[in-house]
Amino acid sequence: MLRTTLLFACIFSSMTLLSQGPRTSPMDNVSPEHVKIYKTYPKWEVPVSLALIGAASLGYKWMDQRASLTAEQVVALDPMNINSFDRPAAYYDPATFKSAQSKSDILMTAFVAAPILLVFDKKIRRDWVDMLTILAAAHGVDNTIFFSTILLVRRPRPLTYNPALPIEAKTGVGKTNSFPSGHVSWTATSTFFIAKVYTDYHHIKGWKRMLFFTGAALPPTLIGYYRVHAGSHFPTDAITGGLLGMACGIGVPELHRISKKVDGLAIHPFFMNGSNGLSLSYTIK
């Protein structure tokens with residue numbers, strides 16, 4: 001919830017400028033040297049993104065109550081049914097769980113809020129409404145995919161297999177939402193967003209750009225390590241969460257960038273027969 005609250009606080013601060021509508025022209029009300037990188041639609045992107053984030057947060061609580069295991073189900077779990085890459089996570093020392101959990105929570109909160117550091121860059125700060133809009137969209141997409149996957153997969157957490165834990169610690173709510181790791185996914189969305197936006201604005205290419213993205217991978221990797229050693233996730237859960245966050249942190253800004261660069265390419269929301277989503281269209285001129 002703290003992760004969601006931090007993001008909500010940043011987005012709500014932009015509401016006073018939403019009446020500006022689509023930010024489309026590179027030369028509107030900007031100095032000659034200021035060329036916009038992204039095209040955004042704050043009027044509809046911000047509400048939709050916040051709705052997705054809020055729904056996922058509330059939905060996760062609902063899912064947590066249903067991600068439960070009974071004593072009979074725990075007894076039936078066999079560590080030998082876990083793939084060899086993930087299996088060691090079922091045997092980690094429970095004495096490390098509490099410390100690892102605490103570290104992962106603290107680091108995740110800090111790194112999810114890290115995009116606020118972009119305010120110190122003069123070029124990026126001038127487009128702060130664009131940045132908040134795209135950041136909200138990235139987390140909205142990430143949260144939606146994450147929750148949908150958790151709901152469908154329902155993988156038992158490593159601690160439910162651990163022979164060193166009493167049966168009482170393996171039963172109850174929140175025990176079958178191991179895949180993927182939300183902590184890692186949310187962190188990767190923010191850190192790769194920072195790397196993507198910064199390198200786009202400063203036209204950083206080649207190996208220097210790769211260094212930024214390598215740096216962006218370090219925080220989610222560290223958090224993934226702690227999540228695994230907290231008994232909460234298998235290594236593949238953490239890796240998948242990192243890949244999901246990377247895709248959202250890079251892909252959502254790039255989609256906004258492409259919509260500006262390619263003439264005739266546009267993104268719009270659609271609402272049809274009770275369904276909603278985004279549509280990508282290209283007009284041949």
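Contact here means heavy atoms within 4.5 Å. The structure is a predicted model.

**Arg209 and helix α9**

Setting aside neighbours within four places in sequence, Arg209 is in contact with Lys196, Thr199, Asp200 and Ile204. Arg209 is found in helix α9. Its relative accessible area is 16%, under the 20% cut-off, so Arg209 counts as buried. A polar atom of the Arg209 side chain lies 3.1 Å from the backbone oxygen of Ile204.

Helix α9 covers residues 206–229. At 1.5 Å a residue, its 24 residues should span 34 Å; the end C-alpha atoms are 35 Å apart, which agrees. Besides Arg209, the buried residues of α9 include Phe213, Ala216, Pro219 and Pro220. Further along, Ile223, Gly224, Tyr226, Arg227 and Val228 are also among the buried residues of α9. Gly231 follows the helix, with a positive phi near 80 degrees.

**Salt bridges**

How many salt bridges does the model hold? The count comes to eight. Side chains of opposite charge can pair when their charged atoms come close.

| Pair | N to O distance |
|---|---|
| Asp130 and Lys36 | 3.5 Å |
| Arg155 and Asp86 | 2.9 Å |
| Asp237 and Arg155 | 2.8 Å |

Start with the salt bridge between Asp130 and Lys36. This pair links distant parts of the chain, 94 residues apart. Asp130 sits in helix α6 (residues 128–153), and Lys36 in the loop between α1 (2–12) and α2 (42–66). Both residues are buried.

Next, Arg155 forms a salt bridge with Asp86. These two are 69 residues apart. Arg155 is in the loop between α6 and α7 (167–170), while Asp86 is in the loop between α3 (71–75) and α4 (97–112). Arg155 and Asp86 are both buried.

Arg155 also meets Asp237 in a salt bridge. Asp237 lies in helix α10 and Arg155 in the loop between α6 and α7, so the pair ties together parts that are 82 residues apart in sequence. Asp237 is buried, with a relative accessible area of 0%. Elsewhere, salt bridges that share partners join Lys196, Asp200, Arg209, Glu254 and Arg257 into one network.

**Helix α10: His256 and Met246**

Helix α10 covers residues 235–261 and holds Met246. Is His256 buried or exposed? His256 has a relative accessible area of 5%, so it is buried. The His256 side chain reaches the backbone oxygen of Val252 at 2.8 Å. Leaving aside neighbours within four places in sequence, His256 is in contact with Tyr38, Lys39, Thr40, Glu45, Ile134 and Ala137.

Met246 is partly exposed, with a relative accessible area of 31%.

**Helix α2**

Glu45, a contact of His256, is among the buried residues of α2. Others on that list include Pro42, Trp44, Val46, Ser49, Leu50 and Ile53. Gly54, Ala56, Ser57, Gly59 and Met63 are listed as buried as well. Helix α2 has 25 residues and reaches 35 Å from its first C-alpha to its last. That is close to the 36 Å expected at 1.5 Å a residue.

**Backbone exceptions**

Most residues other than glycine have a negative phi, and most peptide bonds are trans. Some places here depart from that pattern.

Arg154 is not a glycine, yet its phi is positive, about 55 degrees. Arg154 is found in the loop between α6 and α7. Its relative accessible area is 35%, which makes Arg154 partly exposed.

His203 also has a positive phi of about 55 degrees without being a glycine. His203 lies in the loop between α8 and α9. With a relative accessible area of 56%, His203 is exposed.

Where is the cis peptide bond? It joins Phe179 and Pro180, with omega about -5 degrees. Pro180 is found in the loop between α7 and α8 (182–201).

Definitions and conventions. Residues are numbered from 1 along each chain as its sequence is written. This is a predicted model: local features need pLDDT of at least 70, side-chain atom pairs count only at pLDDT 80 or more; totals for chains, interfaces and linings use all residues. Side-chain values use heavy atoms; hydrogens and water are left out. Helices (H or I, at least four residues) and strands (E, at least two) are DSSP runs, numbered from the N terminus. The expected span of a helix is 1.5 Å times one less than its number of residues. Buried means under 20% relative accessible area, exposed over 50%, partly exposed in between (1.4 Å probe, protein chains only). A salt bridge is a side-chain nitrogen of Lys or Arg within 4 Å of a carboxyl oxygen of Asp or Glu. A polar contact is a pair of N or O atoms within 3.5 Å; within protein, one must be able to donate a hydrogen and the other to accept it, and residues adjacent in sequence count only if both atoms are side-chain atoms.
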